[in-house]
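Good morning, and thank you for coming.

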Amino acid sequence: METNRGFIRCISRIRCQHALFPKHESRIGLRENDSCGCGEMGDIEHHILGCLNHTINVKTLYENLNNMIEYPFNIETIMSSSNVIVYKILYNFIIERKTRI
C-alpha cells in the first residue's frame, strides 16, 4: 500500500504526541493553556476521539475501525496496530475533519 509524506508525518506526530493540539502547544510555549475549545484538556486522545465538537465524525471513525480493532479502543490501541489500513482510516478521518496535525 502506497503512502505519501503527509500520511507519514501525521502518523509520526500522533505516535510521538507532538501534533498541533492544545496540550502540546502549551507544553512548547505556543499557548497559555492546554484546553480545547470545548473546555476539556486538548490532548490527542480528546481531539481525535472525544471532543463533543466532532461527535458525528467520531462515530464514523469508530464504525470504520470497529472491524479492525477490538472495541473499546483509544489512541494507544489504534497506534499499536500493525495494520496499515488502520492508520489509513485514521489519516483519512483527520484529513476529512481538516484537523491540524
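Predicted model: local features only at pLDDT ≥ 70, side-chain atom pairs only at ≥ 80, totals over all residues.

Let me begin with the core. Which residues of the largest nonpolar core touch the most other members? They are I14, I48, I78 and L90, out of 25 residues in that core. Several helices contribute: α1, α3, α4, which spans 55-66, α5, and α6, which spans 84-97, each supply at least two residues. The greatest share comes from α6, with seven residues. As a general remark, nonpolar side chains in soluble globular proteins tend to be buried together.

Leaving aside residues up to four places away in sequence, I14 touches I44, I48, I75, M79, L90, I94 and I101.

Next is I78, which sits in helix α5. Is I78 buried or exposed? Its relative accessible area is 0%, so I78 is buried. Beyond its sequence neighbours up to four places away, I78 touches L49, L65, I69, F73, V86, Y87 and L90.

L49, one of the contacts of I78, belongs to helix α3. L49 has a relative accessibility of 9% and therefore counts as buried, the limit being under 20%. With residues up to four places away again left out, L49 touches V58, L61, Y62, F73, N74, I75 and I78. Between L49 and P72 there are 23 places in sequence, and 11 Å in space from C-alpha to C-alpha.

The list for L49 includes L61, and L61 lies in helix α4. At 1% relative accessibility, L61 is buried as well. The contacts of L61, on the same terms of sequence separation, are I48, L49, I89, L90 and F93. L61 and F93 are 32 residues apart in sequence, yet their C-alpha atoms are 6.6 Å apart.

In general, rolling a probe the size of a water molecule over the atoms shows where empty space is left. The largest pocket has a volume of about 240 Å³. Which of its 13 lining residues are closest to its centre? They are I14, Q17, I44, E45 and I75. I14 was also among the residues I named for the core. Four helices each supply at least two lining residues, namely α1 (5-16), α2 (22-27), α3 (44-50) and α5 (75-79). By class, this lining has five nonpolar, two polar and six charged residues.

The second largest pocket holds about 180 Å³. It is lined by 13 residues, and those nearest its centre are L20, F21, H47, T99 and R100. This lining divides into four nonpolar, four polar and five charged residues.

The third topic is charge pairing. As background, side chains of opposite charge can pair when their charged atoms come close. How many salt bridges are counted in this model? The count is one. The partners are E25 and R31, with their closest N and O atoms 3.8 Å apart. That separation qualifies because the cut-off for a salt bridge is 4 Å. E25 lies in helix α2 and is buried, with a relative accessible area of 8%. R31, by contrast, is partly exposed, at 31%. Besides R31, the contacts of E25 beyond four places in sequence are L20, L30 and R100.

Finally, the backbone. In general, most residues other than glycine have a negative phi, and most peptide bonds are trans. P72 is found in the loop between α4 and α5. The other point concerns Q17, a residue other than glycine with a positive phi, near 60 degrees. Q17 is located in the loop between α1 and α2, and it was also listed close to the centre of the largest pocket.

Thank you for your attention.

Methods
Residues numbered from 1 in each chain as written. Heavy atoms only, no water. 1 Å grid on protein atoms, 1.4 Å probe; cavity = no way out; pocket = protein on both sides within 12 Å on 5 of 7 lines; lining within 4 Å. Points joined across faces, edges and corners; volume = space filled by probe spheres on them. Nonpolar A, V, L, I, M, F, W, Y, C, P; charged D, E, K, R; others polar. Salt bridge = Lys/Arg side-chain N within 4 Å of Asp/Glu carboxyl O. Buried < 20%, exposed > 50% of the residue type's maximum accessible area, 1.4 Å probe, protein only. Core = buried A, V, L, I, M, F, W, Y, C linked by side-chain atoms within 4.5 Å. Contact = heavy atoms within 4.5 Å.
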